[in-house]
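Open the model in your viewer and keep the selection tool at hand. This tour goes from one selection to the next.

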Amino acid sequence: MEANHAEPAKAPHRGSVGGEADYQVVARRYRPQLFEELLGQEHIAQALRGAIASNRVGHAYLFCGARGVGKTSAARILAKALNCQHGPTTTPCNRCDSCLQIAAGADIDVLEIDGASNRGIDEIRTLRQNVGMRPARSRYKVYIIDEVHMLTPQAFNALLKTLEEPPEHVKFIFCTTEPEAIPVTILSRCQRFDFAGIQARSIAARLAQIVEAEGATAEPEALAFLAQRAAGSMRDGQSLLEQVLACGEERITLAGVQRLLGVAPQGRICRLAAALAGRDAPAALAELDSAIGEGADVGQLMEQLVGYL
């Protein structure tokens with residue numbers, strides 16, 4: 001799947017790297033703000049845009065996928081598309097007060113709930129009591145429940161009636177990494193979208209844009225290595241990049257990244273594998289001892305070796 005290489009979106013308040021109180025980490029600062037910025041999820045973006053354009057937006061959505069692939073970002077973008085001052089629209093303006101407040105997670109009509117810490121029946125009963133109240137200023141009241149699979153069976157049962165006959169002004173967006181843990185009665189009342197893991201080349205391309213925006217430079221091999229380590233998660237890739245940027249190096253190099261993350265160079269992995277294949281125990285132990293002496297993490301070293309094999 002081809003990636004969209006538009007300029008990375010930035011949050012309204014970027015902060016500075018100088019350690020000020022308003023500093024935001026890279027993953028938050030460059031969170032996607034439009035459907036076309038959802039890298040690797042073009043099929044989902046197209047479906048949601050089509051639903052908005054044809055006025056066929058469902059009352060409940062279930063976004064499934066691994067961590068860091070854009071589920072919560074997509075939920076916020078959908079909320080902005082529905083409540084934008086110029087909407088409903090497939091391209092929220094990201095300038096009106098509603099868009100800015102939703103992007104910041106502070107809109108009074110778009111409620112983001114952590115299912116892990118609000119998992120009981122009492123919290124869902126409170127939600128049911130509030131859904132009947134019309135939005136304070138927006139078209140829709142949107143409930144985004146992250147990690148929804150963490151809700152208790154009693155909480156799911158309490159939520160079921162609301163999903164069957166929701167008020168016209170309410171939309172639900174559930175996000176989960178474990179859809180199999182959600183009762184089938186809930187699944188049958190939601191439109192389900194499965195978010196794919198993001199390709200390494202797409203992650204590397206976005207990391208390159210972020211590096212440029214941050215005024216730094218990087219070797220393509222270093223960014224490709226970070227993208228591979230992210231294992232399909234854009235957020236993990238951005239978090240790794242943040243760790244590297246925090247070191248203050250003028251140029252991000254592959255050797256520097258491997259040293260920082262405690263990873264052995266690829267040449268050492270090749271030599272270690274060759275020693276194992278040749279049943280050369282002294283050479284293999286010597287490579288292992290040398291890698292540990294240079295600061296390589298043993299667990300990561302074994303992961304690299306398994307990946308190489």
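## Stop one: a helix pair

Helix 8 makes a right-handed crossing as it passes helix 10. This is a predicted model. To see the pair, select residues 200-213 for helix 8 and residues 234-245 for helix 10. Their axes lie 10 Å apart, and the packing angle is about 40 degrees. Helix 8 is therefore oblique to helix 10.

Now show the side chains at the contact. On helix 8, pick Ser202, Ile203, Arg206, Leu207, Ile210 and Val211. On helix 10, pick Met234, Gly237, Gln238 and Leu241. Colour them by class: six are nonpolar, three polar and one charged.

Select strand 2 (residues 110-114) and strand 3 (residues 141-146). The two run parallel, joined by five bridges. Find Asp114: opposite stands Asp146 of strand 3.

## Stop three: another helix pair

Select helix 12 (residues 266-277) and helix 13 (residues 281-293). How far apart are their axes, and at what angle do they pack? The axes are 8 Å apart and the angle is about 155 degrees. An angle over 145 degrees counts as roughly antiparallel, so that is how helix 12 and helix 13 are related. The crossing of helix 12 past helix 13 is left-handed.

Show the contact residues. Helix 12 brings Arg268, Arg271, Leu272, Ala275 and Leu276. Helix 13 brings Ala283, Ala284, Glu287, Ser290 and Ala291. By class, this contact holds six nonpolar, one polar and three charged residues.

Note on methods
Residues are numbered from 1 along each chain as its sequence is written. This is a predicted model: local features need pLDDT of at least 70, side-chain atom pairs count only at pLDDT 80 or more; totals for chains, interfaces and linings use all residues. Side-chain values use heavy atoms; hydrogens and water are left out. Axes are lines fitted to C-alpha atoms, for helices over the stretch in contact, and angles run from 0 to 180 degrees between N-to-C directions. Helices (H or I, at least four residues) and strands (E, at least two) are DSSP runs, numbered from the N terminus. Angles under 35 degrees count as roughly parallel, over 145 as roughly antiparallel, 65 to 115 as roughly perpendicular and the rest as oblique. A crossing is left-handed if the near helix is turned anticlockwise from the far one by less than a right angle, and right-handed if clockwise. Contact means heavy atoms within 4.5 Å. Ala, Val, Leu, Ile, Met, Phe, Trp, Tyr, Cys and Pro count as nonpolar, Asp, Glu, Lys and Arg as charged, and the others, Gly among them, as polar. Two strands pair if DSSP finds at least two bridges between them.
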